[in-house]
Amino acid sequence: MFMDRSERVTMCKDGKYRWIYEMSLYTNPTILLLIMKIMGWINVGIWAFVLIIELCDGPTWKGVWDVTVTFFYVFLGMMALCVVGYYVYALISGGKYVVLFEMNENGVMHKQMPPGVKKAKLIGHITALAGAATGKPGMVGAGIRVAARTQMYSDFKAVKSIEPFPMRHLIKVNAPLNYNQVYVGKEDYDFVLNYIHEHTGK
């Protein structure tokens, strides 16, 4: 079982569900697998391009074999670099990937939070975000705008497929050019998965 932490999914006054997920970069391989998948497909694409050039110059089995073997070693090197780079990033990030999620009937937002942000502070952010949506801007601190460094939004109308991975506490929400990863604790996993199913029809 992955050593991740998740706050319970909470309905806020603005009608949005919010929760915080803190993922261990050392025990949950989801991000590493995604990086390796992307780099692997890049390698396959370059291999195919070079192979087409080789075939146009006069196809020989030796030429095809040499290109394939070369790119096989390039692939192994890229995978090794992915693993090393990932664990360097994990060390810099304190071994954690912290995300704030917002979800309503229209879609789900994935907001990555900066390394080192305390969970108590993030819980306070949920209250502040809800306060802003209910017309109380005084509840919103400037830190919230700084905290959300990166984000990805999935519009449920555009979603083409959903892939559940309960053992990794992960729900992949896929749309054209938009592949969102929703993390949620086991206590609320079925609720969030069913909610996304109901509002996407997928």
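Arg18 sits in strand S3, residues 17-24. Helices (H or I, at least four residues) and strands (E, at least two) are DSSP runs, numbered from the N terminus. The model is predicted: local features need pLDDT of at least 70, side-chain atom pairs count only at pLDDT 80 or more, and totals for chains, interfaces and linings use all residues. Residues are numbered from 1 along each chain as its sequence is written, and side-chain values use heavy atoms, with hydrogens and water left out.

**Arg18**
- Arg18 is buried, at a relative accessible area of 2%.
- Buried means under 20% relative accessible area, exposed over 50%, and partly exposed in between (1.4 Å probe, protein chains only).
- The side chains of Arg18 and Asp14 are joined by a polar contact of 2.8 Å.
- A polar contact is a pair of N or O atoms within 3.5 Å; within protein, one must be able to donate a hydrogen and the other to accept it, and residues adjacent in sequence count only if both atoms are side-chain atoms.

**Overall make-up**
- The protein has five helices and nine strands.
- Along the sequence the pattern reads β-β-β-α-α-β-β-α-α-β-β-β-β-α.
- Of the 202 residues, 40% are buried.
- Contact means heavy atoms within 4.5 Å. Among contacts between residues at least 6 apart in sequence, 63% join residues at least 24 apart.

- Strand S5 covers residues 107-112, and six of its six residues are buried.
- Both faces are covered: Gly107, Met109 and Lys111 lie on one side, and Val108, His110 and Gln112 on the other.
- Two strands pair if DSSP finds at least two bridges between them.
- S5 pairs with strand S4 (residues 96-104) in the antiparallel sense over six bridges. Two residues separate S4 and S5, which form a hairpin.
- Met109 in S5 is the bridge partner of Glu102.
- Strand S6 (residues 150-155) also pairs with S5, antiparallel and over six bridges. Here Ser154 in S6 is the bridge partner of Val108.

**The S7-S8-S9 sheet**
- Three strands form an open antiparallel sheet in the order S7-S8-S9.
- Its edge strands are S7 (161-165) and S9 (178-183), each pairing on one side only.
- The twist averages 15° from one strand to the next.
- S7 and S8 (residues 170-175) run antiparallel and are joined by five bridges. Ile171 in S8 is the bridge partner of Pro164.
- Helix H5 (residues 186-200) lies across S7, S8 and S9, at about 170° to S7.
- Axes are lines fitted to C-alpha atoms, for helices over the stretch in contact, and angles run from 0 to 180 degrees between N-to-C directions.

**Nonpolar core**
- The largest nonpolar core has 29 residues; Trp19, Met103, Ile171 and Val192 have the most contacts inside it.
- S3, helix H1 (30-56), helix H2 (61-92), S4, S8, S9 and H5 each supply at least two residues of this core.
- H5 gives the largest share, five residues.
- A nonpolar core is a set of buried Ala, Val, Leu, Ile, Met, Phe, Trp, Tyr and Cys residues joined through side-chain atoms within 4.5 Å.
- Leaving aside neighbours within four places in sequence, Ile171 has contacts that include Ile162, Asn180, Val182, Tyr189, Val192 and Ile196.

**Cysteines**
- The whole structure contains zero disulfides, a disulfide being a pair of cysteine sulfur atoms within 2.5 Å.
- Cys12 counts as buried at 10% relative accessibility.
- Cys82 is buried too, at 8%.
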